[in-house]
Structures are given as structure tokens and as C-alpha cells.
Amino acid sequence: MGSEGGVTKFGLLLCQTPPVPSKKGVAEAKTDALEAAKKLVGEGIAAHPGAKMVVLPEMFACPYGTKFFEPFCEPVPDAQAAEPNTDQSPSVKVLVDIAKSHGVWLVGGSVSERDSAGKIYNTCLVFNPQGHIVAKHRKVHLFDIDIPGKMTFKESETLSAGGQVTTFESPFGTIGVGICYDVRFAELALSMRQRGAQVLIYPGAFNTTTGPAHWRILCQGRALDTQCYVAVCSPARSEDAGDYPAWGHSLVVDPWGEVKVELDEKPGFAFVDVDLDYLKDVRTRVPISMQKRPELYELK
Ligand SMILES: NC(=O)CCC(=O)C(=O)O
């Protein structure tokens, strides 16, 4: 589905929130992180009043580490037409509040979600400006890597993987959602494109080993594979060497593969005007979606 009512441009704001301190207690660290996110979004929107869709980072209110996902987890409602009940979900409460108070679409980073069976997921919720949940993406590919002496991480020690490809409809067209490591999988991005996506949004948190090597180039790759805008939003880097050293560098790539904006490692925000006429033009002039030969290279 395309954009409705002739909307072909919209402002996209990425908020690179401060790192969540790992040495504070859970309640204090979460409250501080949620306050910091609220404040940064407010500043970002004041600086860019054209922002219609706002993005937060992966685990923006939980230190990124396997030992933290359980203590920081909370129940998370499913997509629903009404404003969700947030009595048990402090992060979701703040996300509803941000979407409603600024009247924006909000891709709410990710939160550590506990389901009714006690499983924990890395989950992104998307809100419309009324504060209703319009999409829920559970990270599909868990971040399990081992680069000895540099970066070893095993999300699967505590997290379960989601099982769905996620897109949602907005007045600005169809938007696809993945989380961080999901960006490495071209097939997921192509599947979102096949469902009509024009913009792919990944809350993420690469690190100082894989970030400089792969972060930007993966986003450019996904943008060229799909001829979509690709946005990745990271937390800022912690100065405490004991914490996960997030790469930062939230960025947006256009469908031509050009990096339109990129932050450094510090907290801040990045704004881009997404231009769907330009996207259409790129897709018309280089019509790869019509030239595919799936009979030759369909993957199992
Ligand atoms: N949070 C993540 O999924 C990290 C992914 C990452 O760093 C990578 O290299 O991939």
C-alpha cells in the first residue's frame, strides 16, 4: 500500500538516547532512562517541528547485556485499537505519553518484554499519535556472535526469538520494522519490501567492534537491496568501559544508498525529510523489483 491523501514527504526524527547506567538499581535506572528519552524527544521535536515519526533505540531503558534483560523486563500489550493498559509496564506508559503529547507516530525502540509464559523478548512497539499500538515486532534474529577478545554476546542465553515479519500502515506509506541484528538479514528486508515497505526502521545497538566495520554498509546494502529508506537508531556510547560499548552513529540512508544524516557516539537527534517521490523515481529508473529471476535463486 502506498501513502494516503497525497502525503509524499514526512519528517523522520531519530533520538539517540544516553546510555542506561548498569550500576544503578533497576527501578532508578529505568526511571532515569525513560525521563531522558522523554526529554530528548521533546528537544528533538522543538528543534524539528516537522517531525511526524520519531524513533528510539534498541533497549533504550535497559542496559544492553544478557544479565539485565530479566530484571528489567515488563509485560507488553499486543497491538490494539484502544489505548493500552500500562499499569504493569512503565516503559509502555512513557511511550504512549510521548506519542500522544507530541501527536507523532512513534517507533518505540525496544523493551525487554516478559510474556505470560515467562519468556523474554526484545520487542519494538509502534504507536500512532493517539497512543494506540499499531505494531509489535519481536526481534527475529538473536544476536549470538563470538569474536574472541573483542565481542562475544549471546542474546539467546536469556531471550527468545520472535516469529513474524513486521510492517505497518501509516499516512506516510508502509513501514517495515526490524531490530538491530535483524538488519544483517537481506531476506527479512526483502520480505518487508514485498509487503509494500518504503521505509525500513531498525532500533539497534551495534558495538565498537562490528559498528565501524558493518553498521553503515549494512544499512546502505539494505537500502540498495530494497530501494527503501533505511533508518537505524542506537543509544549513545557509555563512557564506562564495563558497559556494552554501543556504536551510536544513528543514521538514515536513502533509496539511492546515500547517507542523509549520521550522528557520532554522543546523545543527540537526527532529522531527515523522507521523500517518497524520490523513492518512486529511483524505483522507476532502476526497476530491479520487476527484473528479479526468483526461479533461478529462490532460497530455502
Ligand atoms: N544488538 C544487536 O543486535 C547487536 C548487533 C551487532 O552488533 C552486530 O554486529 O550485528
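**Close-up views of a predicted model**

View 1. Strand S1 (residues 9-16) is largely enclosed by the rest of the structure, because six of its eight residues are buried (buried: 20 or more other C-beta atoms within 10 Å of the residue's own, with C-beta atoms placed from the backbone; exposed: 12 or fewer; partly exposed: in between). Strands, as DSSP runs of E with at least two residues, and helices, as runs of H or I with at least four, are numbered from the N terminus. The model is predicted, and local features need pLDDT of at least 70, side-chain atom pairs count only at pLDDT 80 or more, and totals for chains, interfaces and linings use all residues. Residue numbers start from 1 along each chain as its sequence is written. Eight bridges link S1 to strand S15 (residues 268-275) in the antiparallel sense; two strands pair if DSSP finds at least two bridges between them. Within this pairing, Phe269 of S15 is the bridge partner of Cys15. With strand S2 (residues 51-55), S1 runs parallel and is joined by four bridges. Val54 in S2 lies opposite Leu13. Helix H1 (residues 26-47) carries the chain from S1 to S2 in a right-handed β-α-β crossover (right-handed: with the strands pointing away from the viewer, the path from the first strand over the helix to the second runs clockwise).

**View 2**

**View 3. The open six-stranded sheet.** Six strands form an open sheet of mixed pairing in the order S9-S10-S11-S12-S13-S14. Strand S9 (166-170) and strand S14 (259-262) are the edges; each has a single partner strand, so one side of each lacks a neighbour in the sheet. From one strand to the next the twist averages 15 degrees (axes are lines fitted to C-alpha atoms, and angles run from 0 to 180 degrees between N-to-C directions). Strand S13 (residues 251-253) runs antiparallel to S14, with three bridges between them. Val253 stands opposite Val259 of S14.

**View 4. Lys150 in a loop.** Lys150 lies in the loop between strand S7 (144-147) and strand S8 (151-154). Lys150 counts as exposed because it has 11 C-beta neighbours inside 10 Å. The C-alpha atoms of Lys150 and Thr209 are 6.6 Å apart in space, while the two residues are 59 residues apart in sequence.
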